[in-house]
Every structure is written in C-alpha cells, then in structure tokens.
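Please read them with the model open.

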Amino acid sequence: MKTGTTTDGQRNAAPPQSAETSEASTRQRVFAEVLGHGPVTASQVARRLGLTDPAIRRHLDALAAEGLVSSRDALQRGPRGRGRPPQAYVVTEAGRARFRKDYDRLALSAFAELIRAVGPMAIDRVAAAHFSPIGEEYRRRLAADGAPDPQAAVAALAGVLEEAGYAASLSALPGAEQLCQHHCPVADIARAYPQICEIETELIASLLGSHVQRLATIAHGDGVCTTNIPVQKIEVRR
C-alpha cells in the first residue's frame with residue numbers, strides 16, 4: 001500500500017474530537033439527563049450514560065458553578081448510612097432559559113430548511129398549526145358560556161392565550177379593550193418571519209369578528225405585544 005493511502009474504514013472514519021469538544025459534548029449530555037429526569041443523582045446519571053461517578057460529579061459541579069443546575073439531599077428509602085447523603089440535581093430557571101435559547105436556535109434552523117424545501121407557504125402552514133388550538137379552545141369556551149357579551153368574549157380569548165404561554169392581560173379603555181401579551185413563545189421565529197405576527201393579528205380579528213389594531217410586538221423589539229380591540233364592533237362568533 002502506498003504511503004498516504006488509507007483503507008475504506010480509515011477513509012470513512014469521523015475525524016477525532018478534540019478534548020475540549022468531547023468535554024463540552026459530555027457536559028451537554030449530563031445537562032440533558034438532569035433536565036429530562038431530575039431530580040437525579042450523579043450515580044443515576046453515570047449509569048444512564050455509561051460513565052464513572054467521579055466524571056459525572058465533575059460535570060455536575062461545573063454546571064452548578066454556571067448556575068444551570070442545583071442540588072439538594074436525595075430522598076432515601078430505608079435507614080441512612082454514614083456520611084453525607086447523596087445529592088439530587090435539578091435544572092434551575094437559568095438552565096431552562098439556556099435550554100430554551102438552544103431550542104429556539106434549532107427551531108429557526110428547522111424552519112429555514114422547511115421554507116427552502118416547501119416554499120414561502122410553509123410559514124402559513126406552520127402558523128396555522130400553531131394557532132389552530134388557540135382558536136379551537138376559544139370557540140369551545142364560547143359555546144360553553146352560552147351567550148357571552150363582547151367583553152366576556154375578549155376575556156375568554158385572553159384566558160386561552162394566557163394558558164398557551166402568552167402571559168396575556170386586559171386593560172379597559174374608552175370603548176375598547178387593550179390586549180397585552182407579555183411573552184411570546186415564538187418570538188425568535190417571528191423576528192425572522194414577521195408574517196407570524198400578521199397571521200396572529202388576523203386570527204384575533206377573525207375570532208372576535210372585529211377589526212383590531214396591533215400597536216406593538218415583542219418580535220419588533222417592543223416589551224409587550226399590544227392589540228387594541230374596539231369592543232363596540234365585536235360580533236361574538238362561535
């Protein structure tokens with residue numbers, strides 16, 4: 001065999017990971033185990049990942065130092081032995097926020113690939129799939145309420161949005177209700193694809209049977225998504 005040539009197995013082998021890359025990958029796997037199965041001990045994570053307890057504890061200590069996980073005494077069955085009780089780890093709010101950012105980046109990448117494969121109409125399809133349960137739940141509540149007045153209809157919609165993760169609230173204005181959404185679960189996608197906000201506004205108008213005015217959006221850089229709803233023009237629809 002000539003110098004510099006390789007066998008098929010060698011040619012197809014993946015390039016070796018650097019120690020730093022391997023370390024980061026393992027730490028991410030440890031974090032995922034705590035996120036998915038916490039509260040969980042180092043020994044439990046070690047068994048699931050096929051690594052040693054000391055190696056897992058080192059990663060858990062590093063995650064704790066970053067504020068991504070925290071620990072507490074693990075619940076034990078039977079008599080407690082000597083020494084310090086084992087620690088059970090859970091993900092902190094900071095850890096969940098970090099995870100959500102990683103998830104948002106993945107969602108944006110997947111969305112871009114979908115648009116390249118399907119075309120711009122993919123935005124409408126994804127938005128319809130996301131907002132459809134909100135519309136269905138709103139109609140269900142109206143049907144259960146019998147004959148709600150316009151204010152009750154707006155309150156019902158705000159309640160559905162609240163439960164869907166939009167942190168919604170209402171403020172009464174002369175002849176109108178101001179709907180505020182203090183959180184947007186799809187803000188990162190909507191920043192890249194503003195049509196999402198337009199589709200959401202159209203949904204609110206359609207459900208309430210009224211023209212509405214979107215005054216601000218989180219995706220546009222505002223602190224709150226704000227929609228003005230003229231109550232006198234609402235036509236309650238089931």
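1. Three bridges join strand 6 (residues 213-216) to strand 7, and the two run antiparallel. Strands here are DSSP runs (E, at least two residues), helices likewise (H or I, at least four), numbered from the N terminus. Arg 214 stands opposite Thr 227 in strand 7.

2. A word on the source. This is a predicted model: local features need pLDDT of at least 70, side-chain atom pairs count only at pLDDT 80 or more, and totals for chains, interfaces and linings use all residues. Residues are numbered from 1 along each chain as its sequence is written, and side-chain values use heavy atoms, with hydrogens and water left out.

3. Strand 5 (residues 176-181) is joined to strand 7 by six bridges, again antiparallel. Cys 180 faces Thr 226 across this pairing. Glu 177 stands opposite Ile 229.

4. Four strands form an open sheet in the order 4-5-7-6, with antiparallel pairing. Pairing takes at least two DSSP bridges between two strands. Strand 4 (168-173) and strand 6 are the edges, each pairing on one side only.

5. Which strands does helix 7 (residues 150-166) touch? Helix 7 packs on the sheet and touches strand 4, strand 5 and strand 7. Contact means heavy atoms within 4.5 Å. Helix 9 (residues 195-208) lies across strand 5, strand 6 and strand 7.

6. Six of the six residues of strand 7 (residues 225-230) are buried, so strand 7 is largely enclosed by the rest of the structure. Buried means under 20% relative accessible area (1.4 Å probe, protein chains only). Cys 225, Thr 227 and Ile 229 point one way; Thr 226, Asn 228 and Pro 230 point the other.

Terms used: Buried means under 20% relative accessible area, exposed over 50%, partly exposed in between (1.4 Å probe, protein chains only). Axes are lines fitted to C-alpha atoms, for helices over the stretch in contact, and angles run from 0 to 180 degrees between N-to-C directions.
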